[in-house]
Amino acid sequence: MPVPSPSGDALVVNELVDNSGRGHRVEISGGKTRLLIPAVGHFGSNDDGTVFVAHPDLEAQHHDILDVMAAGALLAVWLGLKGHTVLHASAAKVRGDAIAVVGPSGSGKSTVAALLAEAGYPLISDDVLRVDLGSNPRVYVSASELRLRENSAALSDGGSVSSYRGTSDGRTAVSVAAAAEDALPLRACVFPMPRRDIDSVVAVKLAAPDALKQLLAAPRMLGWIDHGWLLRNFGEMSQLARIVECWQVQIPWGPPFDDGLGRRIIGAISGS
């Protein structure tokens, strides 16, 4: 089912549609926001955008993944439209600070967060991370579960996992210890590079221009066309690249994953 054409008075702020007409659209009309996902359904807000209601397309094959979309795409859209800085990142609390694992879908963010949880570092976020900018950026807890792909699902057998379940998009959601406090200082961003041909963790600290390229390459929601959002996001990512340490980290990848790999990752970016 293709994305329907927007209504005449709607302002389209985000749109990603392929040649077959499939994709998504975010539009605002009369103060209300809609996120449309064909073959799934749509989310619609009230007049001030504070409450969203899910409207599944019950005749569509994948309507049951709206719950996953709410925790990911919808949250990113809502935060972005409210003026918050959003990273496509999982994050963990390490020695009182936050370490964000940033990257596009499939780059290993949730797997690295699971490795960190296994090493005793509490979870802050999975996939969507809200950041408050300033001279000392801070982040906010938004998850107590990690959604793992099949190749990483074996991590659900670790001692850090309290429970696990299947998700509507075919992944395994594992419950782990979450950070108990909000507004944690963002100490570093890690861009993971899974490698099956190495045995050691290799971390390279990025210069600000290289870090900016990595940050801009991994928006949580592709398809933004609103000029205000694009300009604001460029400024926010530029600021983060300047004031937060950013590391490209090559990681020996599994399965199986080496014991203690989470602590080795932290050690590689902290010199310990």
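A183 counts as partly exposed because its relative accessibility is 25%, where partly exposed lies between buried, under 20% relative accessible area, and exposed, over 50% (1.4 Å probe, protein chains only). The phi of A183 is positive, about 55°, although this residue is not a glycine. A183 sits in the loop between strand 14 (172-176) and strand 15; helices (H or I, at least four residues) and strands (E, at least two) are DSSP runs, numbered from the N terminus. The model is a predicted one, in which local features need pLDDT of at least 70 and side-chain atom pairs count only at pLDDT 80 or more, while totals for chains, interfaces and linings use all residues. Residues are numbered from 1 along each chain as its sequence is written, and side-chain values use heavy atoms, with hydrogens and water left out.

A positive phi of about 90° is also found at D127, again not a glycine. D127 belongs to the loop between strand 9 (123-125) and strand 10, and counts as buried because its relative accessibility is 14%. Most residues other than glycine have a negative phi, and most peptide bonds are trans. Against that background, the loop between strand 17 (245-252) and helix 5 holds P255 as well as P256. The peptide bond from G254 to P255 is cis, with omega near 5°, and the bond joining P255 and P256 is cis with omega about 0°.

Turning to the helices, the axes of helix 2 (residues 109-118) and helix 5 (residues 261-270) come within 7 Å and cross at roughly 100°; axes are lines fitted to C-alpha atoms over the stretch in contact, with angles from 0 to 180 degrees between N-to-C directions. The two helices are therefore roughly perpendicular, the class for angles of 65 to 115 degrees. Contact, meaning heavy atoms within 4.5 Å, is made by V112, L115 and L116 of helix 2 with L261, G262, I265 and I266 of helix 5. These residues divide into 6 nonpolar, 1 polar and no charged, with Ala, Val, Leu, Ile, Met, Phe, Trp, Tyr, Cys and Pro counted as nonpolar, Asp, Glu, Lys and Arg as charged, and the others, Gly among them, as polar.

Finally, the cysteines: a search of the whole structure finds 0 disulfides, a disulfide being a pair of cysteine sulfur atoms within 2.5 Å. The sulfur of C246 is 4.5 Å from the closest cysteine sulfur, in C189, too far for a bond. C189 is buried at 0% relative accessible area, and C246 is buried at 1%.

Terms used:
Angles under 35 degrees count as roughly parallel, over 145 as roughly antiparallel, 65 to 115 as roughly perpendicular and the rest as oblique.
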